[in-house]
Amino acid sequence: MAKPGHAWSRAAAERGEAEEGEDPLDAMIARSGCLEQHRQLQECMAERRDWRHCQQQLRAFGACMARQQQQQQ
């Protein structure tokens, strides 16, 4: 199964536009250590198509990103 990407990158891919390099947002998330939480949130969103049904994944991703920001300070 293809990993869902961000809407704007997916739209470009659907139009046949070649993306150059890695998505900068995906790269930042990978460096944060929160890639698994982000993947779970994206999978939920792709499956449910309504962020209100993905609150658990959204909170987990947000908490992970907040921890990473605190560690950097």
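**Fold and helix packing**

A: The protein chain has 4 helices and 0 strands, where helices (H or I, at least four residues) and strands (E, at least two) are DSSP runs numbered from the N terminus. This is a predicted model, in which local features need pLDDT of at least 70 and side-chain atom pairs count only at pLDDT 80 or more, while totals for chains, interfaces and linings use all residues. Residues are numbered from 1 along each chain as its sequence is written, and side-chain values use heavy atoms, with hydrogens and water left out.

Q: How much of the protein chain is buried?
A: Buried residues, meaning those under 20% relative accessible area with a 1.4 Å probe, protein chains only, make up 25% of the 73 residues.

Q: OK, helices now: how do α3 and α4 cross?
A: The axes of α3 (residues 35-48) and α4 (residues 55-72) come within 9 Å and cross at roughly 155 degrees, the axes being lines fitted to C-alpha atoms over the stretch in contact, with angles running from 0 to 180 degrees between N-to-C directions. That makes α3 roughly antiparallel to α4, a label for angles over 145 degrees.

Q: And which residues make the contact?
A: From α3 they are Gln 37, His 38, Gln 40, Leu 41 and Cys 44, and from α4 they are Gln 57, Leu 58, Ala 60, Phe 61 and Cys 64, with contact meaning heavy atoms within 4.5 Å.

Q: What classes are those residues?
A: The contact of α3 with α4 has 6 nonpolar, 4 polar and no charged residues; Ala, Val, Leu, Ile, Met, Phe, Trp, Tyr, Cys and Pro count as nonpolar, Asp, Glu, Lys and Arg as charged, and the others, Gly among them, as polar.

Notes. Parallel < 35°, antiparallel > 145°, perpendicular 65-115°, else oblique. Buried < 20%, exposed > 50% of the residue type's maximum accessible area, 1.4 Å probe, protein only.
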